[in-house]
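Trainee: I would like to go through the labels on this model. Please tie each one to its criterion.
Mentor: Fine. Have a look first.

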Amino acid sequence: MNKNRVLLVVFAVLLAIALINPIKITQLSISDTDPSTYVIVPMLMLPLLALFMLKENIVSKVDTRSLVFALVLFAIFAVLTIYLRLDYYYLFFSYRINMLMLPILILALGISLFGIENANRFSFVALYALFASPLLLMPLLSANLNQSFANANTLIVYNLLKAILPSLVYSTPISLIMNGNMISIGQACVGVGALIGIVMFMLPLIYLYDGRAIDKAIWIFSGFVLLLALNLLRMTGISLLWFIYGASTALLSLHAVVGQIIFYGTFVLMVLLAGRFGLIFPEINAKHVQMRWPVAGIVVALFVAAAAFGGMNASYPTGTTLSPLLIESSANVTFTYMSLATLFANNTLAGNYTTQAVISNDNKSAAVYIYNVSNYTSQPITVLFGAQNDTLQDEIANGSSAYVIGEAPGLSRAYIVGASSQPSFIFYRRIPYSMNGYYESVAMYVVVPYYPYWQDPSCQPLNKKLYNDVANLVLFNLPNETYTDKAYSAYCFVSKVVKP
């Protein structure tokens, strides 16, 4: 039995375990309307790419220095994951920021099992993992570029059909008209996500195949062009049938099915033609090297993968995930009573409460007063919504504060304001606000008056308190224990109204 081969299989399996929860929050197919969904391809291909490393004759050389370095890398990964997840909340999941840090985890696993001398052997896997975040390719996913691409495809389809249908009329930017029938070739038809996806499918294979770099590049480019050409033929054929026989449910179904067949067929065809491009399937002949099992390294690798799965990523499936193409960064937030009601309902829990809503004169901010939350006082809890305001945030932050983690991986920051004997609390969180089909990042402040019974022990269990303490440590916020107890108790009360 070749022990190095077994260690590579272990590496692939541990990487797959670390990816389970991120994959759970990711759509398992590439959407026609959202090209950013291509990220599922590199996520699923990563463990397979790790297995392709069997072609390498890697000899494990784990020493104490390697183990220390692997643990340091994991510590960096853990701190960055906690910090960014808590600070960016839903943006962390929507932009798959965790995938930008995955290369650190990959190197930690590789060094644990094979030693620091072999770290560079894992560089291709680590770099490929970066593409599982849409941030890297956001310029290619922009609405303007997609629209321009759709316009160009419409012109090509028009010119192909014009020779067959002389009466066909082109209506800018994406419509074709004939005999009262109109077809619009929108962004959903042109398959930008599929074009990126086919490249993501082929990239691991250029690592597996032996051959010249130029031949590999030509092979991938050919696959891209083939899919593009076949998709143009699909749109041309469907449009021709539409104009001749009219629209039908069967034709629309055929449109979707043929697209999937073309995508997977292109991939299979390019694999079959790889030899014609000078690419050769490698002979995997491992050298037989006498070695001992790196027991300590395996233990460290198991710890790293288990911590990534159970500690760093366990709460991913409960996170809010939005399409990055629908997230706006501008501060042009406006509120209506209808949109405020939706926003309030999405971020609060149902209860027998009385509420009163107020919107500012410029519609840039809003407040909802919640009554009947407790029998102890008639003072309401006030929930304020508005655009991100760094100045206001800095002013509030002059007081003591503590970070509090909800059941979902959302973060609230609790501030103490007013007299120390009877302080009030302000809870802050960044949330998405749907406006005109897009999402703006808005601030939510929950202002909570002082209640004497908040001095009672917090309702949060010990493990939740520990998680809060770790979050505050990672975020370089070190409130005293008396304050954190008050903040946690106050949060327990607020979490009955505001979704944790």
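Trainee: Which residues make the nonpolar surface patch?
Mentor: First, the ground rules. This is a predicted model, where local features need pLDDT of at least 70, side-chain atom pairs count only at pLDDT 80 or more, and totals for chains, interfaces and linings use all residues. Residues are numbered from 1 along each chain as its sequence is written, and side-chain values use heavy atoms, with hydrogens and water left out. Now the patch: Val9, Val13, Leu48 and Leu51 make it, with about 280 Å². Patch residues have over 30% relative accessible area and no salt bridge; nonpolar side chains (Val, Leu, Ile, Met, Phe, Trp, Tyr) are joined within 5 Å, like charges within 9 Å. Areas come from the Shrake-Rupley method with a 1.4 Å probe, and for residues only the protein chains shown count as cover.

Trainee: Which helices supply the nonpolar patch?
Mentor: α1 (3–24) and α2 (40–52), each with at least two residues. Helices are DSSP runs of H or I with at least four residues; strands are runs of E with at least two, and both are numbered from the N terminus.

Trainee: Why is Val13 called partly exposed?
Mentor: Buried means under 20% relative accessible area, exposed over 50%, and partly exposed is in between (1.4 Å probe, protein chains only). Val13 has 44%, so it is partly exposed. Its place is in helix α1.

Trainee: What makes Phe92 buried?
Mentor: Its relative accessible area is 0%, so Phe92 is buried. Phe92 sits in helix α4 (residues 90–94).

Trainee: How do you know that Asp210 and Lys55 form a salt bridge?
Mentor: The criterion is a side-chain nitrogen of Lys or Arg within 4 Å of a carboxyl oxygen of Asp or Glu. Here the closest N and O atoms are 3.1 Å apart, and Asp210 and Lys55 form a salt bridge. Asp210 lies in the loop between α10 (192–208) and α11, and Lys55 in the loop between α2 and α3 (64–88), so the pair ties together parts 155 residues apart in sequence.

Trainee: Is Lys55 buried or exposed?
Mentor: Buried, because its relative accessibility is 19%. Asp210, with 34%, is partly exposed.

Trainee: How many salt bridges are there?
Mentor: Four by this rule. Among them, Arg212 and Asp215 meet at 3.0 Å, N to O. Arg212 is exposed at 55%, while Asp215 is buried at 14%. Glu56 and Arg121 form another, with closest N and O atoms 3.3 Å apart.

Trainee: What is the order of the three strands in the open sheet?
Mentor: β1-β2-β3, with antiparallel pairing. The edge strands are β1 (169–171) and β3 (181–184), as each pairs on one side only. Two strands pair if DSSP finds at least two bridges between them. Three bridges join β1 to β2 (residues 175–178), and four join β2 to β3. Tyr170 has Leu176 as its bridge partner in β2.

Trainee: Why is strand β11 called largely enclosed?
Mentor: Eight of its eleven residues (438–448) are buried, so the rest of the structure largely encloses β11.

Trainee: How many bridges join strand β10 to β11?
Mentor: Eleven, and β10 (residues 424–435) runs antiparallel to β11. Their hairpin has two residues between the strands, and Asn436 takes a positive phi near 55° there. Strand β7 (residues 381–387) also pairs with β11 in the antiparallel sense, over six bridges.
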